[in-house]
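Work through the exercises below with the model open beside you. Try each task before reading its solution.

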Amino acid sequence: MSQPAMLLTKEPAPQCVPVSELPMKVYEPALNTGPDSSSGLATAGFRTAKFLPEEWHQNNYTQYHEAFADRDHSERCRHKSQNLANYTAELSQRTQEDSTAKVGQRLQDIHFWKSELQREIEDLVAETDQLAAQKLRLERAIDATELPYSIATDNLQCRERRQHPDLVRDQVEVELLKETELIRNIQELLKRTVKQAVNQMQLNRDHKQVCEMDWSDKVETYNIDEKCGRYSNQSTNIQFHPSSSKFEDSASTPETWAKHSHDNIYRAERERLASVNLRALVDNILHDTAEDLRLQCDVVNQAFAKRCEELEDAKHKLEHSLRKTLQEIGHQEHNIQALKQAIKDKEAPLKVAQTRLYDRSFRPNVDLCRDAAQFRLISEVEELTESIESLKKKLLESEQSLHNLEDSRMHLEKEIAVKTNSLFIDRQKCMAHRTRYPTILKLAGYQ
């Protein structure tokens, strides 16, 4: 027993060297052959159940080698594990920082499009309000055209009460008909423009709603990504979600995502520009229609003024002619009286001459002579008879002339009454009514 112990103490201590550098000892198995071997029956039990010392040393060395190999493998595994843990910790930190940066960059992108959408929404709201104000102007302008239309139609109806021969299609009536036609056309144009404005306002609201929905999605996404960006390893509201590491089938790409918002903004801007152009068109239409109405009103007023001057001049001439006619009637009446008196004055000389001839016809016998006195008396009777006939003929002519003058007086008085009526209609009715014509500002829808 002492010999193996001594052998054990003499064995050198194992060195901490790599397993690949350890010498591999190979021992031959112990054989019971040799000069000292025993083959007696008495030692049979001791010979078969025991190992040789070399086998014992080999076994110990094997145990040392295996223990050393296990420790070395464990040490290398420990170092690798520590390195792997440090690497994964660093990698996890870098990955988390990069993910946080990506989320932050995504927040900037979302904020950019959210701001653009919000700006476009505000621009659409402001533009729609301005277009609504223009629509209100159009409606006010339509209401304002009702008064000119009623004035023009009332003027036409009033002028229908003119009497013949003043019931003519003069320049005033032509311009009034033009005015009514112009007002009807302007009303139709303004109504069509109102419908166009209503449609454009609806388009503005539709695109505003689309932008608001997109903006709402951006706000919700921004809040979600902002909450995700605030998460850290020390957060208390984090947990495992194994099924979250996948792409949704309906998920968009960054390109389609940005294109969606870009297209919404583009369409909204296009409608907003169309609304701006429509407002400019409304301004031009209201300005032009108001000017056209006022110009036509001035033309009608000038035609009325000219017509009134013509009527006034005709009335003055008729009155002057009436005065002359009345004066002539007076003279003619005096002339008729003078003719009647002249005829009456010729009756006594005719009686004298005829009486003389009658009495001379009773002269006796030869004294019934055709003397000069007889011839003169006969010629006197003929002259007086001819004078009376001439005076009667002139009297008839004068009476006819007086009758004609009376007719002229009646016609003149009637014409003066007609002109007075026409002047009253044009000046007192029509032109006085036209003073209520609305101003350009009211026709443009500002009032």
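## Exercise 1: A charge over a ring

Task: find what sits over the ring of Tyr-446, and at what distance from its centre.

Solution. The charged end of Arg-137 sits over the ring of Tyr-446, at 4.0 Å from the ring centre. The rule used here asks for NZ of Lys or CZ of Arg within 6 Å of the ring centre and within 35 degrees of the ring normal. Now take Trp-257. Arg-106 lies over its face, 3.7 Å from the ring centre.

A word on the source before going on. This is a predicted model, in which local features need pLDDT of at least 70 and side-chain atom pairs count only at pLDDT 80 or more, while totals for chains, interfaces and linings use all residues. Residues are numbered from 1 along each chain as its sequence is written, and side-chain values use heavy atoms, with hydrogens and water left out.

## Exercise 2: The overall layout

Task: state how many helices and strands the protein has.

Solution. Start with the definition: helices (H or I, at least four residues) and strands (E, at least two) are DSSP runs, numbered from the N terminus. The protein has seven helices and zero strands. Read from the N terminus, the order is α-α-α-α-α-α-α.

Next, burial. Buried means under 20% relative accessible area, exposed means over 50%, and partly exposed lies in between (1.4 Å probe, protein chains only). Of the 447 residues, 28% count as buried.

## Exercise 3: Salt bridges

Task: find how far apart Lys-317 and Asp-313 lie within their helix.

Solution. A salt bridge is a side-chain nitrogen of Lys or Arg within 4 Å of a carboxyl oxygen of Asp or Glu. The whole structure holds 33 of them.

- Lys-317 and Asp-313 make one, at 3.2 Å from N to O. Both residues are in helix 5 (residues 254-360), four residues apart, about one turn of the helix. Lys-317 is exposed at 54% relative accessible area, and Asp-313 is partly exposed at 38%.
- Glu-413 and Arg-409 make another, at 3.0 Å. They are separated by about one helical turn because they stand four residues apart in helix 6 (residues 372-434). Glu-413 is partly exposed, at 35%.
- Glu-383 pairs with Arg-376, with the closest N and O atoms 3.6 Å apart. Glu-383 is partly exposed, at 42%.

Some bridges join into a network. One links Arg-159, Arg-162, Asp-170, Glu-173, Arg-307, Glu-310 and Asp-426.

## Exercise 4: Aromatic pairs

Task: explain why the pair of Phe-112 and Trp-113 is edge-to-face.

Solution. Rings of Phe, Tyr and Trp (its six-membered ring) pair if their centres lie within 6.5 Å; planes under 30 degrees apart count as stacked, over 60 as edge-to-face and the rest as tilted. This rule gives two aromatic pairs. The centres of Phe-112 and Trp-113 are 5.1 Å apart and their planes stand at 70°, so this pair is edge-to-face. Phe-112 is partly exposed, at 45%, whereas Trp-113 is buried, at 14%. Tyr-358 and Phe-362 also form an edge-to-face pair, with 5.0 Å between centres and 80° between planes. Tyr-358 and Phe-362 are both exposed.
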